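Look at the structure below and follow the report with it in view. The headings go from strands to rings and then to single residues.

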Amino acid sequence: MTTSHYIAGHWVEGQGSDCISVNDPALGQPFAELMAASVSQVDQAVAAARSALPAWKSTCASERAAFLRGFAEQLGQRREALVTVQMRNNGKPRHEAEIDLDDAIATFGYYAELAEQLPSKNRTVPLAAPGFTARTRLEPVGVVGLIVPWNFPLVTSAWKLAPALAAGCTVVLKPSEVTPLIEQAYGQIADALGLPAGVLNIVNGKAETGAALSNHNGLDKLSFTGSNSVGSQVMRSASAQCRPVTLELGGKSAIVVFDDCDVDQAVEWIVAGISWNAGQMCSATSRLLVQDGIADALLPRLQAALENLRVGNPLTEEVDMGPLTSQAQWLKVASYFATAREEGLQCLAGGHALDREGWFVSPTLYTDVPKDSRLWTEEIFGPVLCARRFATEEQAIAEANDSRFGLVATVCSADLERAERVADALEVGHVWINSVQAVFVETSWGGTKGSGIGRELGPWGLSAYQSIKHVTRCLG
């Protein structure tokens, strides 16, 4: 049994009713367990954050920046242990787990720099009316709840935790019950750095714990990354208290390939967009729109590339793709394979679970998928790619935008003027042109339509944890 909750600067045993099994998805077997936090312990965590807030938000920006740099350095010192946990609990190949860690380190370093710039953001506001002066203050929004998902633990928590601490907020972090171990590193680092007690609190649990946090009247803001179904519940909780919320939700993203592309390069971008993290990404480019002139050359090579991906246990094999992270997700993806068979979809690659221990599925490609197919419209969250052909640029844009989601998209074309034009026309939050999904901490992350509310990363990520105050004074 693992001691898993960090409240008011102390590690405590869970007192909730749920026992959480932590699984190795490559084996389909548990390797650790912990007791969830009780509702009372969530109350204690929020109270600790509230108690720590006045001193933390009054801490000078340079001191907060020093703590953030400390988090970055300490993550680096724990490199091998954290990479191993990502591989074992998520099923990520080593190269993906290493990129996750590097992303988290870069995020803390970036927000340390922004924290140091905060004093200069408080400035005089020029007024047209005589006899008055005004100034702007950027202040921390207060106590924030952070609920993060299982597909990118450590990373999504860094995207929230670093800017929240930089702004002067105190936090209660709830990791996913599927991957509860790796975020414990943040509590260990807080201890090592001497972060004031209550500034960071970590509570683990299932739905009961998440509901207790999202409904808590002691929060000033909630930031959630996860499914649309849970996100809607979080939004209802926020609306009941008129509390600000940031939501990063699902996607059903398009990759548009024009017929002037190099075929092999296009295949590389397509495969990366659907197979990274075994397709368990809200940004997975799971809808392939390929122009008529290149489709007959591209689809057979794409089929071969997917069939040649090395799928296996990242702890014992050299692999390109690991297992799905949970049995629930494995069953969900398998249900879409069954739906595809019922709909009579043409399967060029995969389309089935793998006959081996663990939660593995085959990288999958369906072609000529109808626009009303569930596989074309619904987020599957697995390595399942659906393809359709298009004739004109206008058709590609219309079909790419024909979705209730609007997170990301990719455009592949040798005609850069056209690629930029299409990128501008796509109704999403982030577009890549002739690239894999490179995410940089300096750029924003978030979507339109049903893909969420607000932005993370970049200066927008910091703004999400700040409130704006203006002070106006009469000179008379």
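## Strand pairing and the sheet

In this predicted model, strand S14 (residues 364–367) pairs with S13 in the antiparallel sense, over three bridges. Within this pairing, Cys347 stands opposite Tyr366 in S14.

Both strands belong to an open sheet of seven strands with mixed pairing, in the order S13-S14-S15-S12-S11-S17-S18. Strand S13 (346–349) and strand S18 (430–433) are the edge strands, and each of them pairs on one side only. On average, neighbouring strands of the sheet are turned by 25° against each other, direction ignored.

## Helices on the sheet

Helix H9 (residues 263–275) packs on this sheet. The strands that H9 touches are S11 (254–257), S12 (287–291), S15 (384–390) and S17 (408–412). The direction of H9 makes about 175° with that of S11.

Helix H14 (residues 416–425) lies across S12, S17 and S18. Relative to S18, H14 runs at about 165°.

## Two domains

The domain assignment of the protein chain gives two parts: domain 1 covers 5–249 + 451–474, and domain 2 covers 254–433. Taken over C-alpha atoms, the centres of domain 1 and domain 2 are 31 Å apart. Contact between them involves 27 residues of domain 1 and 28 residues of domain 2.

## Aromatic rings

A pair of aromatic rings is described by the distance of the centres and the angle of the planes. A search of the whole structure finds 10 aromatic pairs. One of them joins Tyr6 and Trp11: the ring centres are 5.0 Å apart and the planes stand at 50°, so this pair is tilted. Tyr6 is buried, because its relative accessible area is 3% and buried means under 20%. Trp11, at 29% relative accessibility, counts as partly exposed.

Tyr110 and Tyr111 form an edge-to-face pair, with 5.0 Å from centre to centre and 80° between the planes. Tyr110 counts as buried at 12% relative accessibility, and Tyr111 is buried at 0%. Elsewhere, ring pairs link Phe71, Phe108 and Tyr186 into a cluster.

## Charges over rings

Two arginines are placed over phenylalanine rings. Arg88 lies over the face of Phe31, at 4.0 Å from the ring centre. Arg356 has its charged end over the ring of Phe360, 4.3 Å from the centre of that ring.

## A serine in a helix

Ser157 is part of helix H5 (residues 155–167). With 0% relative accessibility, Ser157 counts as buried. Its neighbours within four places in sequence left aside, Ser157 is in contact with Val148, Ala162, Leu173, Glu183 and Tyr186. Tyr186 also belongs to the ring cluster with Phe71 and Phe108.

## Positive phi in two loops

Ala278 is found in the loop between H9 and S12. Its phi is near 55°, which is a positive value in a residue other than glycine. Ala278 counts as buried, at 3% relative accessibility.

Asp368 lies in the loop between S14 and helix H12 (374–377). Phi of Asp368 is near 50°, again a positive value in a residue other than glycine. Is Asp368 buried or partly exposed? At 46% relative accessibility, Asp368 counts as partly exposed.

Conventions
Residues numbered from 1 in each chain as written. Predicted model: local features only at pLDDT ≥ 70, side-chain atom pairs only at ≥ 80, totals over all residues. Heavy atoms only, no water. Pairing = 2+ DSSP bridges. Helix = DSSP H or I, 4+ residues; strand = E, 2+ residues; numbered from the N terminus. Axes fitted to C-alpha atoms, helices over the stretch in contact; angles between N-to-C directions. Contact = heavy atoms within 4.5 Å. Phe/Tyr/Trp six-rings, centres within 6.5 Å; stacked < 30°, edge-to-face > 60°. Buried < 20%, exposed > 50% of the residue type's maximum accessible area, 1.4 Å probe, protein only. Lys NZ or Arg CZ within 6 Å of the ring centre and 35° of its normal. Domains from an automatic or database assignment.
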